[in-house]
Every structure is written in structure tokens, then in C-alpha cells.
Protein chains: 2
Amino acid sequence: MTPGAVRAAGARIAPFVRVTPLLSDPALDRLAGRRVFVKAECLQHTGSFKYRGATAALTALAPEMLARGVVAFSSGNHGQGVARAASERGVPAVVVMPADAPAVKVDRTRAFGAEVVFYDRARPEDRAAIAARLAAERGLTLVPPFDHPEVIAGQASVGTEIAAQAAGLGLDGAEVLVPCGGGGLAAGIALALAMDAPGFRVRTVEPATHDDMARSLAAGQRRANPPGRASLCDAILTPEPGELTFPILARLAGPGLGVSDDEALAAIAAAHRHLGLVAEPGGAVALAAALSGRVAGDGPLVVILSGGNVEGSLLARALAMGAPA
Amino acid sequence: MTPGAVRAAGARIAPFVRVTPLLSDPALDRLAGRRVFVKAECLQHTGSFKYRGATAALTALAPEMLARGVVAFSSGNHGQGVARAASERGVPAVVVMPADAPAVKVDRTRAFGAEVVFYDRARPEDRAAIAARLAAERGLTLVPPFDHPEVIAGQASVGTEIAAQAAGLGLDGAEVLVPCGGGGLAAGIALALAMDAPGFRVRTVEPATHDDMARSLAAGQRRANPPGRASLCDAILTPEPGELTFPILARLAGPGLGVSDDEALAAIAAAHRHLGLVAEPGGAVALAAALSGRVAGDGPLVVILSGGNVEGSLLARALAMGAPA
């Protein structure tokens, strides 16, 4: 993962991705007791940052490989990103998704013309095997959700944008809170900030029930989550940190943070009330950490609101909780 | 309403307002059968464009008048805009609101420190009288919701931004669809576009049940709505066009458009699905018009998504309807 790879991916995807706004609001500053800036990746195409990495991966393929099509496994957002990126290039896409993925994510993946194949989330080893079999049978290229150099380099564009948008805001020393499943987004942002805004430090945020990255960073080596735990944060429930992402974060990130499902729902309500944004639970964990007061210090925080693909019923549940003024 | 007044207001409010993004999505283009660009004013501070006009009005006041405070009557969004603009300047604000205003708007107005006084929407003459009495008793300055030169000049900044953001997109000849109550936003945008992008044409969009502006434009003189009609589009239910706004729109706007409540709800679902945005019914009517296919021609459309302050229950109802892919 060289600076050149990050720059090259950023240039390839620039014609396709939205530069998402970096938003602030006095109420959020007051609630967090410090300045808070929210990078609204829920406004990215397909409703999450995943479209960046998917586009970076597809645009890195040789034309004859791209033409045969791609396959991905995904809880939903990566699948949508790959499906859209494939659709834009007129090539087939197959997405392997858990059978309990939110219907909104399944529907939207199919709406981009992708074929959806289900697996049982209780047996996660199936998904990679299914994807590998499809790749072999049909000559498809596998686009992994996070542990892939071009995917990480694509997600890094979020960090490149933050460095540019934060210039002049006096944010040197800011901590950048990033929702973390496998760590592709956090690793990419960490790489970009090391290049363009080295005063910033990435902190990963996970559901407290699935804090494999936090425990891995503390231990200095990869740790897995115990099986069988549940969380509303479907987008960021991964078995363990990636082989590529972990060393990057071990080198560049601070200690990991964890939040509860209720804190994630409260952050959804706050994002709606104070920023007019729709977040999904996994996309709201970094804002939840900022509002929970559990990030030490009083320096500025940059929060990635990484996705917004939430079921209407769950959104209504979160909004019914209300948000403090 | 001179170009100088529009430029001056834009310069005064620039340090405070958010430049909101102009978003597009292939799915919206496909659904509308033409290119569609959405100006996301639901991402403005206080969740609607009203903060622009309120800030323009307050920054135009002499210091000794500003210090005594302001009063506004509003279905909710203008009240929030005035309350926040007053709070930012440390001056008192009183907002006269209909007793049936959405609780979310009442709560948010109060959260900015404003005093809320209710009136009965069935007797709309009360609200101006109540506001005038408060102004006289307490020495407050009335900030009207739309029929005021500085308010119109503040809303014009939406048009100034569109002209800058649309440069290079090949949108000459675009129609600009604007949600319309009293016409302050539409008139302001029309003035700004006449200066900066004269190839664009404003079209007002109203609830079909409250199409006073469309009928007034057709008749060449102001027409009122019959009393007693209901609509979910609470933000844009006004008795008749403004005395200042109507002549501007009669000179610069094309024929007015109307949509149903169900079309507005479907547009809320589409804004969430394809742009990740939260719209309120009155804020979604222009998008509804674009998706309804009732705007003649196939040239590009710019749609103002003017507000997002919606009750959670109504948002959930709209999202449960689903949106086409």
C-alpha cells in the first residue's frame, strides 16, 4: 500500500464518486462537548462509502477480466457498491449475501442488475466458498469487501477529501472516528491522512459486542469475535480484522472504541435531528462514540457517517427515541 | 429587488449558511426520463432553506433594533430559521405557530431558545395580528416568512449556488422546480438565476389542493386558496401569493405545477432510496413533480428539496411505500 497506489485509485474513481460534505452543527458540538465534523458518506452513491472501493477495484481490472464479470460477498453495502460499479461498466455481477440481510439492501443490489445468492450468516465460512466456486465456474473476478489493496486504496479517498475539507478549520490533532468491520475504510483513511494530514489520528469504532479490531489493536495481533453474538449494526459485523487492514491500523490508529446498539440508535436520531441525514446503525457508531463522551480529551473530532441503508421500521424506531437538542 | 440587494444579502449570510450539494443519481434520471439534479436544502442548518432568509433579514437590522429581538409567524421552518438566527446573535425571538404544527418543529424552535405562541390555523388572520401585537408590546421586529425584500434576497442565495454548481454540467435551458408556499424561495431563485444563469426557468410546485400560485400565474393576478382544505405539505400551505413575490414570479417563472400528497410521499421514499436524504412532504413536492412525468419536455430539471423536518411516524409511512428502483 504505497502513497502512489492511493493517489492512483483516487484519480481513477474521481469521475464517478460524489465528494461528500463535511458537516457541523452547534448542537452536536454542544452534545459532544467539543467540535465535531461529520463526513456524510451516507450521501455517497449507493448510500455508503463501499461504492468507492468497488469502483477502485473494478477500474483496476484488465478489460478482458472486467468483461467476464465480478462476484462479491457482502452484508449488503459492499454488494450494492459492486453491483452499481459493475452496472456502470455493463458487466455482470453476482453478490453473495447473508439470508438475513435487510430487504432494502437485497432489493437495491438486485435493482442494479446483480444476481443475489444467499448464505447462512451462522456459517460464515460458506460465503467465501460460495463466492470462490462462482468465480471458478463462471470466470468471475472476486472483489473482496475489505482485504484487498485496491479496495483499501479506494476507501482512502474519504481521507483525501477530509484532509482537503479540513484545511483551514484548525483541526490539527483531530481524532478521526471510523466505523469498523473488517477495517477497509479505517485503513484507507489512515493511509490517506498519513500522507495529507499527518496531525490527524484514526480511531476505529465497533459494536461493543463485536470489538475484534479494538482487542486486536490492544493485543498487537489479530483476534476473532466469539460466534453467535447479535447486533443491529449489520454492516460492520465481521469475524476478525483483515490481514491487510490490521497491520496498517496497528501502525497508524489509536486504541479502538466500542458502542452499544442503543447508542447507535440514539446517534441515528441525532444525525436526523441535527444534520438531516439518514444513518444506518453500523454507519452511526462513530457518531455514537463522539456523543457518548467516551473519547478522551476535548480536541476536535471528525466522524465518518459511513452508510445510510436502513429499513424504514428500524429508522422509525430510532427516531421515536428522540434526540437531545 | 435589485441585483445589488441580492448580492449584498448573499455576502452577509455567506459566513453562516451551508453551501448545500447539488446531487444526481442515474436512478432518478431513469425514473424521470431526463437528467435530474437535486439541490439538497434539507441539509441546510435548521433543515430547510428558511435559515437563509432569516439570517439575511436579521443581519440587515440596525444593531439597536436587532438587540430588542424579533418575532415571526411560521408553520415551523421559518420559525426555526428565525429562532436559530436570533440565537446566534444573542437576541430574543418569539415565534407564532399554528397549534397543529408538527411537534418536531415546535420542539426544535424552542430548542433554539425561542418563545412559541400558538394560533388556530383555521383562522389564519390571527397569526399576523398576534405577531403585530407582540411586536408593538415588546418592541420586537417582525420577520415575515416570505413577503419581505431581505428574506427574498436571502433565499436567492440558493439560486446563486445553483448557477455556480451547474456551470459546466450542460444544463442551459433547465427548468428549476421549486416548492412554493408564499413564493419567497421561488422568487429569490428566479432573481438570482436571471442574473447568473438566464437560460434557466423557475417553475413553482404546490400541493394540487393549494395551487394559489399556479392559478395566480395563469390569471395574471393574485388568487387565494379556498379555506378548509387539508394537505400533508404543512410547510407550504399559504392563503395566497405574496405581494412582493408574485410580480417577480409573474415576470420570470413558467406555469405553476401541482402534485398530490401521495406523490409527495413517494418522492420522500425516492429521495431516501436514491440520495440518502430525508425530505418533508412540502419539501418534496418539486421532486414529486419531476418524477410524475408532468413537466413537459425532456430537458434537464433542477429540483429544490427545500426541507427535511418530518415527524418520524410520517417518514416511516413514506418509506414503507417503497420507491421504484
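Helices (H or I, at least four residues) and strands (E, at least two) are DSSP runs, numbered from the N terminus. The model is predicted: local features need pLDDT of at least 70, side-chain atom pairs count only at pLDDT 80 or more, and totals for chains, interfaces and linings use all residues. Residues are numbered from 1 along each chain as its sequence is written, chains are lettered from A and ligands numbered from 1 in the order in which they are written, and side-chain values use heavy atoms, with hydrogens and water left out.

In E4(A), A:Ala93 is the bridge partner of A:Val70. E3(A) also pairs with strand E6 (residues 141-142) of chain A, in the parallel sense and over 2 bridges. There, A:Val70 stands opposite A:Thr141.

Together with helix H5 (residues 77-88) of chain A, E3(A) and E4(A) make a right-handed β-α-β unit. Right-handed means that, with the strands pointing away from the viewer, the path from the first strand over the helix to the second runs clockwise.

In a regular strand, side chains alternate between the two faces of the sheet. Of the 325 residues of chain A, 61% count as buried.

How values were computed:
Two strands pair if DSSP finds at least two bridges between them. Buried means under 20% relative accessible area, exposed over 50%, partly exposed in between (1.4 Å probe, protein chains only).
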